[in-house]
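I set out below what I looked up in this entry, residue by residue and then for the core.

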Amino acid sequence: MGGDLPLRFETRPLVGQVVWPLLGFVLLVVLPGAYALDQGLSLALLREQWMLPLVGVLGLFVTGTRIVRCLTTRLEVVVTASEVSLRGAGALSAFTWNEPLAHYVSLDCERRHHPDWIGAQDEYGIALTHRKDPERNVVVHWSRDSRRFEDRLARYAQLLRLPVRQEQRAPVAQPRVARR
């Protein structure tokens, strides 16, 4: 977690989506290449049957660029005593800005429960809340460990000198029982 400011957070949001370009690479490049090698196709025969090399080259171009895009995309958040910076790289290079810390009013806490997941774990998040522009809100912590969440929340509130705002829960409506 680090002891003092600046706080640094880095995430690679598109790495989880690299599975689809890899699957396309296998289907469009590896399998046709393996077929050509298995059949012992010569370059002269591949020139006559141009569809197989065309699929391989186009597949390599499309899936290769998508794989590189997924692996090079990242976001870095740096929080100092005076400002909050967001630096994007790769596909998110347009998302780069600096904002004074004084424009942030609180640390918002969020708890999500996923009953449909196997294990049905809770997730906890901490976000810096911008005074005027909700697009400048920055998530500084997200995990499934409630103890780590509480520790980080207390530490960040102390370091940044911001109030903590807990998530407001809507009252749970009780089902009505029909009376006869």
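In which strand does Ser106 lie? I find Ser106 in strand β5, residues 104-113; helices (H or I, at least four residues) and strands (E, at least two) are DSSP runs numbered from the N terminus.

I note that this is a predicted model, in which local features need pLDDT of at least 70, side-chain atom pairs count only at pLDDT 80 or more, and totals for chains, interfaces and linings use all residues. Residues are numbered from 1 along each chain as its sequence is written, and side-chain values use heavy atoms, with hydrogens and water left out.

**Ser106.** I looked up its accessibility: Ser106 has a relative accessible area of 4% and is therefore buried (under 20%; exposed is over 50%, partly exposed in between; 1.4 Å probe, protein chains only). Beyond four places in sequence, I list Ala127, Leu128, Thr129, Leu162, Pro163 and Arg165 as residues that Ser106 touches (heavy atoms within 4.5 Å).

**Core.** I then turned to the largest nonpolar core, which has 25 residues (buried Ala, Val, Leu, Ile, Met, Phe, Trp, Tyr and Cys joined through side-chain atoms within 4.5 Å). Val79, Val84, Leu107, Leu128 and Val138 touch the most other members. Helix α4 provides the largest share of this core, six residues. For Val79, I record contacts beyond four places in sequence that include Phe9, Val84, Leu101, Leu128 and Leu160.

**Val68.** I place Val68 in helix α3, residues 51-72. Its relative accessibility is 48%, so Val68 counts as partly exposed. The C-alpha atoms of Val68 and Val18 are separated by 8.9 Å, although the two residues are 50 apart along the chain.
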